[in-house]
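Visitor: I would like to know what stands behind the terms used for this model. Please take them one at a time.

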Amino acid sequence: MNALRALLHRDLTLAYRRWGELMTPILFFILVTALFPLGLSPRPELLREIAPGVVWAAALLAGLLGQESLFRSDYEDGCLEQLALAPLPLELQALARTFTHWLGAGLPLVILSPLLGLLLQYPAAAMPELAFGLLVGTLTLSLHGAIGAALTVSLKQNGMLLLVLVLPLAVPVLIFGAQSAAQAARGEDPSGALYLLGAMLVLGLVLAPFAIAGALRISLES
Amino acid sequence: MNISWTWFHRLASPPYFYRLAGRLAPWFGWLALVCIVAGLYGGLWYAPPDYQQGDGFRIIYIHVPSAYLSMMGYTVLAVSAGIGLVWRMKMAHAVAAAVAPLGASFTFLALVTGSLWGKPMWGAYWAWDARLTSELILLFQYFGFIALSRAFEDPRSGEKAAAVLALVGIVDVPIIHYSVVWWNSLHQGSTVFVGAGSDIATSMLAPLLTMIAGFTAFFAACLLKRIQLELLERESDAAWVRQLLEDA
């Protein structure tokens, strides 16, 4: 437990000291969202129509951007090998690492989403559903991204490859996430789609740590 | 229970598998030829036109076998990738590498035939419906597998990393299969096997089953040949390959 706490503390401190890296996904999230009213048309009814999909797609891309560096520096300075040898199971470490990364890259997007919803004329009454869906969805996406990051950590040019590997996995999350947000905006009950998002998160929490740890071990061997 | 696993262990030996594949491939090839010729005759001439779709329905004789093999191919990929990871069997990784492009081709064929049929029937080449979307994702998963396995300098790490990806991606296969049941989709529901019987008239069903058998045999023949090539490439330094070349 002590080791786990030390690991969490270290990751959070590292994230906190790299303010610039923390800000990038947030700025990206806002800028991508702002492209749509500028590129399509600022008609309120159109914006209201596309708001759920735009916010979700932007959050998905912003979350994936930072994933590439998830294990990168630890891999390069050899830290990762020591962590893999530590008595603390690598699966648990992977889960902890993914969670701290999400605190820096996913949670800000969730907190910002009502603001972006406002910019896109998303109805204020449905904001809690939008933010809650994103909360569950970005956690799942972080787990998917961590699998991709672990698989590609030993490769030099891994940014695009990571996207190619992870985006297909992210599609179900995007579909149900955007669906829940759209249903909430129309005043319908979004619980069906939200339950499915929750189910995907549970599935990811149970299985993804094993995939991440397995992928890290393979990357260390090479 | 005392099951003999010798046959399984023998399959893991590249020279044994190479010879076995060489012997089996022609059988599957001829079976495929016979079944596909018979199925095409049955499908294009013997089966009556559909009362609603006219002759347009005949594309199912290509579409259904391809779609089934696209999922079958991914299952083979994931199972062999899993065997390769768990038992560290070189053979299994060779099977996975051989089946991926084949499965991707059948996925592509299923998507193309489906959209050609969709234009006259639905009025659109493409619809963002659950089954179509999940089939498209399957195609990208094949591409991801191929891209990842080739991205590593050391092919051994590449095949292992890609195997993890294949196992993660297997969740898509049941989603494709049940998409027409779970969602109210534009793609029609399952009609070939409904409970004990079938919703298709026998005169249309018999050629379809023949085509499915023919496509499966074709898939098997191609797969065995591809595995042989894959083995020659991977084991090019091994004594048995040199022996093989001397004999030839």
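Guide: Two residues are in contact if their C-beta atoms, placed from the backbone, lie within 7 Å. The model is a predicted one. By that cut-off, 15 residues of chain A are in contact with 17 residues of chain B.

Visitor: Which elements give two or more residues to the side of chain A that touches chain B?

Guide: They are α8 (127-152), α9 (159-185) and α10 (191-221) of chain A. With six residues, α9(A) gives the most.

Visitor: Why is B:Arg58 called buried?

Guide: A residue is buried if 20 or more other C-beta atoms lie within 10 Å of its own. B:Arg58 has 20 within 10 Å, so B:Arg58 is buried.

Visitor: Where is B:Arg58 found, and what does B:Arg58 touch?

Guide: B:Arg58 lies in the loop between α2 (14-46) and α3 (60-87) of chain B. Leaving aside residues up to four places away in sequence, B:Arg58 touches B:Gly43 and B:Leu44.

Visitor: What describes the packing of two helices?

Guide: The angle between their axes and the distance between the axes. For helix α3 (residues 44-67) of chain A and α8(A), the axes come within 9 Å and cross at roughly 35°.

Visitor: Is that crossing of α3(A) and α8(A) left-handed or right-handed?

Guide: The crossing is right-handed. Residues making the contact include A:Leu60 and A:Leu64 of α3(A) and A:Leu134 and A:Leu141 of α8(A). By class, the contact has nine nonpolar, six polar and no charged residues.

Terms used:
Residues are numbered from 1 along each chain as its sequence is written. Chains are lettered from A and ligands numbered from 1 in the order in which they are written. This is a predicted model: local features need pLDDT of at least 70, side-chain atom pairs count only at pLDDT 80 or more; totals for chains, interfaces and linings use all residues. Helices (H or I, at least four residues) and strands (E, at least two) are DSSP runs, numbered from the N terminus. A residue is buried if 20 or more other C-beta atoms lie within 10 Å of its own, exposed if 12 or fewer, and partly exposed in between; C-beta atoms are placed from the backbone. Axes are lines fitted to C-alpha atoms, for helices over the stretch in contact, and angles run from 0 to 180 degrees between N-to-C directions. A crossing is left-handed if the near helix is turned anticlockwise from the far one by less than a right angle, and right-handed if clockwise. Ala, Val, Leu, Ile, Met, Phe, Trp, Tyr, Cys and Pro count as nonpolar, Asp, Glu, Lys and Arg as charged, and the others, Gly among them, as polar.
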